[in-house]
Amino acid sequence: MGPFDRGILVLYTFTLTLLFLALGAWLAGWPDLVQRLWGEVNTRSYQEILWALLLVYFIMGLRLLWRSLKPERKKQAVVQEGGLGQVRVSLAAIESLSEKTVAAVPGIKEVKAKVEASSRGVALNLKLITAPDINIPTVSEDIQREVKDSIYNVAGLTVSEVRVSVESFVAVKPRVE
């Protein structure tokens with residue numbers, strides 16, 4: 001959960017806590033206090049504001065529900081035990097290294113890497129968008145070898161498999177802004 005969603009959760013929880021405190025006060029026998037507060041807020045001039053707040057809180061509730069149901073990718077890492085201690089390399093770092101290595105290959109327009117850890121090392125899935133004038137089997141073989149060497153040289157990890165999937169062809173490299 002990011003900082004934006006945490007802020008929403010804090011605001012939502014704080015508001016619900018206040019509402020339940022008011023409900024508790026009303027149930028405890030202080031209806032005058034709650035009715036007086038409701039009478040102050042429930043006027044014609046505040047109804048538009050109340051409807052806007054109701055809509056905002058409804059949207060915030062939907063967002064929190066969606067974020068809680070959406071599966072979050074675990075921060076996984078490959079751990080190596082060394083003579084001086086543990087070395088952890090996150091899968092996101094391996095994905096980033098793979099993407100940078102593949103992006104430097106001529107004819108590759110875009111690349112998206114996904115890394116999976118296994119007992120035999122790491123396995124990579126590379127989705128590519130390439131130029132239409134490259135030899136895909138040759139370039140794929142070069143990419144597999146370069147990615148495997150790069151990961152081993154930088155992180156010291158064994159790459160068990162590099163799967164390359166060409167998703168599309170693009171003649172012009174997209175602009176970076």
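**View 1. The largest nonpolar core of this predicted model has 25 residues.** Helices α4 (91–103) and α5 (136–155) and strands β3 (108–118), β4 (121–130) and β5 (159–169) each supply at least two of its residues. Among these elements, α5 gives the most, with five residues. As general background, nonpolar side chains in soluble globular proteins tend to be buried together.

**View 2. Here we zoom in on the surroundings of Ile-94.** Leaving aside neighbours within four places in sequence, Ile-94 is in contact with Val-78, Val-89, Val-115, Val-122, Ile-151 and Leu-157.

**View 3. Helix α3 takes in residues 44–69.** With 26 residues, α3 reaches 38 Å from its first C-alpha to its last, close to the 38 Å expected at 1.5 Å a residue. Met-60, Gly-61, Leu-64 and Arg-67 are buried in this helix, and what covers its buried residues includes α1 (3–27).

**View 4. Asp-5 of helix α1 pairs with two arginines of helix α3.** Its salt bridge to Arg-63 comes to 2.5 Å, N to O, and links positions 58 residues apart. The salt bridge between Asp-5 and Arg-67 comes to 2.9 Å, and these partners lie 62 residues apart. Asp-5 counts as buried because its relative accessibility is 3%, while Arg-63, at 31%, counts as partly exposed.

**View 5. Glu-161 and Arg-163 form another of the five salt bridges found in the whole structure.** Their closest N and O atoms are 2.6 Å apart. Glu-161 is partly exposed at 33% relative accessibility, and Arg-163 is partly exposed at 32%. Back in the previous view, shared partners join Asp-5, Arg-63 and Arg-67 into one salt-bridge network.

Key. Residues are numbered from 1 along each chain as its sequence is written. This is a predicted model: local features need pLDDT of at least 70, side-chain atom pairs count only at pLDDT 80 or more; totals for chains, interfaces and linings use all residues. Side-chain values use heavy atoms; hydrogens and water are left out. Helices (H or I, at least four residues) and strands (E, at least two) are DSSP runs, numbered from the N terminus. The expected span of a helix is 1.5 Å times one less than its number of residues. Buried means under 20% relative accessible area, exposed over 50%, partly exposed in between (1.4 Å probe, protein chains only). Contact means heavy atoms within 4.5 Å. A nonpolar core is a set of buried Ala, Val, Leu, Ile, Met, Phe, Trp, Tyr and Cys residues joined through side-chain atoms within 4.5 Å. A salt bridge is a side-chain nitrogen of Lys or Arg within 4 Å of a carboxyl oxygen of Asp or Glu.
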